[in-house]
Amino acid sequence: METKRFDILSGDYESAVKEASAILIADGIVALPTETVYGLAASAYSDGAIKKVFTAKGRPQDNPLIVHISNMDMLKVVAKDIPECAYKCAEKFWPGPLTMVLKKTDKVAKSVSAGLDTVAVRMPYEKSIRDIIDCSGLPLAAPSANISGAPSPTTYKHCLKDLDGKIDAIVMGNDCEVGVESTVVALFGSKPRLLRPGAVTLEELKTVLPDIEVDKAILKEPEKDAKVASPGMKYKHYAPKTDAFLVEGDSENYAKFVNEKENALALCFNEDLPLITVKALAYGTKADEKTLAKNVFAALRNVDSFGVSEVYIHAPSKSGVGLAVYNRLIRAAAFRVIEL
Ligand code: TXA
Ligand code: MG
């Protein structure tokens with residue numbers, strides 16, 4: 001199929017919003033920007049549209065999608081038995097990169113939640129997706145707009161590389177400000193649980209959810225066949241074709257280690273660069289976790305172009321947004337961590 005292009009940077013914004021909405025109302029699928037990563041959107045009411053999303057991405061059927069809304073009335077259409085703490089989180093963190101898992105209503109198509117009785121909901125900050133939700137009147141189910149397993153897309157070019165010809169349209173907007181997917185927190189059980197770290201940090205969540213627990217799948221490889229709270233956590237993710245390893249240590253030890261490797265790439269911090277003698281690609285300074293988050297997926301997409309057999313990634317800290325970056329990188333490295 002031909003993928004229609006709506007350029008909202010230099011083209012007509014209003015008509016892009018209208019045309020993208022019409023495609024979604026007609027059960028089509030559209031890649032569009034959000035502040036975290038680009039999403040591949042479909043009507044959350046339509047099993048037929050959702051099926052197209054799973055097919056285009058090659059996504060495993062048991063991995064549920066996030067539903068995007070633009071206002072609090074819509075929250076009540078898609079979720080029920082909403083606890084008080086969810087309203088507190090919404091007040092503090094919405095619109096923004098926080099997803100809450102709540103009890104689902106029957107309005108939401110079954111395939112959105114892959115058969116679970118819960119639904120993941122987020123109100124994004126990015127204006128264009130909010131305008132498209134308002135214009136179409138639809139809550140939009142949208143996973144990241146990449147081929148399943150590949151690094152998430154933070155520019156429209158990444159989406160086109162993965163999905164051109166497989167989707168009805170793309171809204172071409174700015175590069176994503178945050179760069180890693182939203183924080184996911186489960187709020188339907190007895191205690192709140194962090195399922196995926198993101199730009200809304202654990203430290204920030206604790207101010208509203210003091211008893212929040214952290215799912216162990218965030219930093220550990222789930223045991224084979226184990227039931228995981230967030231199905232997405234069990235799949236191999238974000239990996240370049242090049243063999244990837246995560247390396248923990250200070251700049252000097254990291255450089256010493258990686259410089260002894262033949263045919264390797266150092267995916268490192270800016271401050272490591274002067275010490276590195278093999279091929280190198282920096283993704284920000286260690287102290288600036290927001291920039292690391294913004295650059296990490298584009299860097300992972302770049303790795304294979306260096307023509308090396310292995311990439312050694314200098315591990316970020318696990319605090320603040322660093323935890324989200326670490327969570328993505330440990331998956332890219334298939335949980336192979338080298339501690340120096
Ligand atoms: O920032 C984001 O969240 C982006 C943009 C497009 O909004 N979307 C995104 O979607 O990252 P996706 O499909 O790549 O990740 C959704 C994650 C998966 O890990 C999935 O398992 C989890 O959310 N999830 C969705 N519904 C769930 C549910 N009912 N219970 C537990 N986890 C759920
Ligand atoms: Mg994804």
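Modeller: Let's take helix H9, where Glu-289, Leu-292, Ala-293, Val-296, Phe-297, Ala-299 and Leu-300 are buried. Buried here means under 20% relative accessible area, while exposed means over 50% and partly exposed lies in between, using a 1.4 Å probe and protein chains only. Helices (H or I, at least four residues) and strands (E, at least two) are DSSP runs, numbered from the N terminus.

Some ground rules before we go on. This is a predicted model, in which local features need pLDDT of at least 70 and side-chain atom pairs count only at pLDDT 80 or more, while totals for chains, interfaces and linings use all residues. Residues are numbered from 1 along each chain as its sequence is written, chains are lettered from A and ligands numbered from 1 in the order in which they are written, and side-chain values use heavy atoms, leaving out hydrogens and water.

Back to the helix. An α-helix has 3.6 residues a turn, so residues three or four places apart point the same way. Keep that in mind as you look at the buried residues of H9, including Leu-292, Val-296 and Leu-300.

What do the buried residues of H9 pack against? They meet strand S14 (264-268), strand S15 (279-282), S16 and helix H10 (322-332). Contact, by the way, means heavy atoms within 4.5 Å.

Now for the form of H9 (residues 289-302). Its 14 residues reach 19 Å from the first C-alpha to the last, close to the 20 Å expected at 1.5 Å a residue. That expected span is 1.5 Å times one less than the number of residues. H9 also bends by about 40° at Val-296, where the bend is the angle between axes fitted to the seven residues ending there and the seven starting there.

Zoom in on Glu-289, which lies in H9. Is Glu-289 buried or exposed? Its relative accessibility is 18%, so Glu-289 counts as buried. Leaving aside residues up to four places away in sequence, Glu-289 touches Ser-317, Ser-319, Gly-320, Val-321, Gly-322 and Val-325. Look at Gly-322 in particular: Glu-289 and Gly-322 are 33 residues apart in sequence, but their C-alpha atoms are 5.3 Å apart in space.

How many aromatic pairs turn up in the whole structure? A search finds four. Rings of Phe, Tyr and Trp (its six-membered ring) pair if their centres lie within 6.5 Å, and planes under 30 degrees apart count as stacked, over 60 as edge-to-face and the rest as tilted. One of these pairs is Phe-245 with Tyr-312, which is stacked, at 5.3 Å centre to centre and 15° between the planes. Phe-245 belongs to strand S13 (residues 243-248) and Tyr-312 to strand S16 (residues 310-314), so this pair links distant parts of the chain, 67 residues apart. Both Phe-245 and Tyr-312 are buried.

Tyr-312 has another partner, Phe-257. Their ring centres are 5.4 Å apart and their planes are at 85°, so this pair is edge-to-face. Phe-257 lies in helix H8 (residues 251-259) and Tyr-312 in strand S16, so the pair ties together parts that are 55 residues apart in sequence. Phe-257 counts as buried because its relative accessibility is 18%, and Tyr-312 is buried too, with a relative accessible area of 4%. Put together, Phe-245, Phe-257 and Tyr-312 form one aromatic cluster.

Charged side chains join in as well. A charge sits over a ring if NZ of Lys or CZ of Arg is within 6 Å of the ring centre and within 35 degrees of the ring normal. Arg-336 lies over the face of Phe-245, at 4.3 Å from the ring centre. The charged end of Lys-318 sits over the ring of Tyr-326, 4.9 Å from its centre.

One last stop is Asn-263, in the loop between H8 and S14. Asn-263 has a positive phi of about 60° although it is not a glycine, and at 45% relative accessibility it counts as partly exposed.
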